[in-house]
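Biologist: Please take one part of this model and go through it closely, in plain terms. I would like to follow how the pieces there relate to each other.

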Amino acid sequence: MKKIISTVSAMAIAYSSFGFCGFYVAKADTKLFNKTSQVIIARNGDHSTITMSSDFEGDVKDFAMVVPVPVVLEQKDIKVVDRILFDKLDAYSGPRLVEYYDQDPCYAPRYYDYMVPAMARSNAGAAEDDIVMDSAAKKDYGVTVEAKYTVGEYDILILSAKESGGLYDWLSDNGYKVPDGAKEVLDPYITGGMKFFVAKVNLDNYQNNGAVPLRPLQISFNSPKFMLPIRLGMANADGPQDLIVYAFSKTGRIETTNYRTVPVPTGQNVPLFVADEFGSFYKNLYNKAWKRENQNTVFLEYAWDVSPQVTSYCDPCTGPPPMLDDFQQAGVDWVENYHYGYQGEVHFTRLHITYARNTFPQDLMFEETPNKENFQARYVITHPASSDFSCDAGQDYLKELSKRRWNELWTYQWLTGNAVTDHYDYPAEYNKFLKKENKKTGDFIPPFIPPQGNNGPDGGMMSIVLSFLTLAAVMFTLSRRRQPAAVA
């Protein structure tokens with residue numbers, strides 16, 4: 001992945017840590033995962049605004065979207081929005097890699113060196129279809145067309161049905177390509193009294209719009225049910241699918257109630273080479289966590305207070321934070337304009353779900369929680385100091401650096417499952433600066449104690465065995481390197 005570097009917003013810095021130099025290095029976006037759909041949800045009391053964007057590829061005449069909804073939508077409740085809104089939210093909330101720089105351990109800074117950088121940083125800115133319908137209407141499907149609209153490049157129908165077989169036949173006879181497994185999936189929605197939002201492309205409007213990629217559709221409605229129907233999307237799935245949910249609320253994080261919501265491992269120090277492979281690093285990390293959690297967990301990747309009056313949105317940011325126009329497009333209707341500026345609490349949650357029929361048998365049910373704790377999927381690389389390391393503090397630093405780098409390797413393996421045998425020289429890279437009397441401890445390999453809890457990697461026995469096997473392989477390689485050459 002291309003390395004892009006931008007400075008971090010300034011923060012208050014204590015004397016002992018004035019050397020904070022965190023930079024955004026890389027991000028992991030939705031393009032890493034196959035078959036990824038994205039949804040934006042704004043929830044205000046019983047009012048939901050849902051914006052849907054899929055990864056549809058193919059001829060637009062084959063596009064169709066069927067979404068269960070709790071009520072009959074009016075035309076004012078249906079909109080199209082710019083695709084760029086999803087790109088903004090993805091770029092801003094995606095997992096990120098940051099970098100820091102160690103200070104020269106042999107340099108004794110003066111008072112001026114402490115104060116000037118700290119003060120400087122503290123001041124920095126931070127029509128054909130109608131014919132088909134008429135002919136098909138002669139059959140009794142038990143389907144009622146509750147409403148019919150044209151919105152942007154889409155023809156919209158709101159349907160109700162008495163039974164799934166009739167709805168399936170109606171959709172098929174009216175030119176919608178319905179997967180074979182849809183009947184059994186439709187039935188629970190009909191039994192629950194749900195309506196069906198059905199969209200297909202109006203080809204004339206699509207051509208008049210410049211035949212650009214299909215824009216996301218947005219619907220708004222009132223309902224005490226705070227949910228997202230995903231079962232219908234599994235009817236024609238040939239494997240697990242990825243879903244990214246960008247959710248906004250007044251009160252705090254949004255979490256699922258019928259599945260566990262678990263933070264992805266975060267805050268880990270990883271080797272420098274991760275900067276060149278961050279996309280694959282995060283994909284492997286996520287997939288390992290997904291398997292560890294039995295493939296039926298909703299993962300939290302970001303949560304933050306992004307209210308207009310807030311000045312610190314992330315640490316660091318991978319993109320610009322949502323602005324008022326973005327809030328309005330996403331359906332955040334509770335931000336108000338006062339004479340002194342825009343006000344209103346807005347909490348942004350990013351959830352990542354990888355789902356299949358056998359692991360996610362129910363639709364996603366959500367709740368607004370009072371949890372306002374900030375969270376981000378964030379990984380850290382730290383560059384060694386630039387120095388001759390000749391002082392005693394420099395020699396001690398080199399020993400600690402070697403230990404730190406071993407732990408970075410074990411953490412990398414623990415998080416991703418990737419072997420580290422190809423990187424066994426990484427911890428010893430700076431041992432050339434060790435003085436002769438210190439070199440005997442330069443190849444010390446510390447034991448790795450895995451982090452625990454939600455922010456730590458898996459503690460399974462298999463990972464422990466893997467780590468020790470890798471450690472044995474590295475020590476064997478190092479011992480062979482130290483053997484003296486044979487005498488002829």
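**The disulfide, the sheet and the core**

Modeller: The model is a predicted one. Cys-391 forms a disulfide with Cys-106, and the two sulfur atoms are 2.1 Å apart. Cys-106 is also partly exposed, because its relative accessible area is 29%. The torsion about the S-S bond between Cys-106 and Cys-391 is about -90°, so this disulfide is left-handed. The count of disulfides comes to 1.

Next comes the sheet. Strands of a sheet pair through backbone hydrogen bonds, either parallel or antiparallel. Here 3 strands form an open sheet in the order S12-S21-S14, with antiparallel pairing. Strand S12 (227-228) and strand S14 (254-256) are the edge strands, each pairing on one side only. Between S12 and strand S21 (residues 364-368) there are 2 bridges. Leu-228 has Leu-364 in S21 as its bridge partner.

Leu-364 leads on to the core. The largest nonpolar core has 69 residues, and Leu-364 is among those that touch the most other members, along with Ile-156, Phe-197 and Phe-281. Helix H7 (residues 278-292) gives this core its largest share, 7 residues. Leaving aside neighbours within four places in sequence, Phe-281 is in contact with Val-270, Val-274, Tyr-379, Tyr-412, Leu-415 and Thr-416. A second, separate core has 22 residues, including Tyr-246, Phe-248, Ala-330 and Phe-348.

Key:
Residues are numbered from 1 along each chain as its sequence is written. This is a predicted model: local features need pLDDT of at least 70, side-chain atom pairs count only at pLDDT 80 or more; totals for chains, interfaces and linings use all residues. Side-chain values use heavy atoms; hydrogens and water are left out. Two strands pair if DSSP finds at least two bridges between them. Helices (H or I, at least four residues) and strands (E, at least two) are DSSP runs, numbered from the N terminus. A nonpolar core is a set of buried Ala, Val, Leu, Ile, Met, Phe, Trp, Tyr and Cys residues joined through side-chain atoms within 4.5 Å. Buried means under 20% relative accessible area, exposed over 50%, partly exposed in between (1.4 Å probe, protein chains only). Contact means heavy atoms within 4.5 Å. A disulfide is a pair of cysteine sulfur atoms within 2.5 Å.
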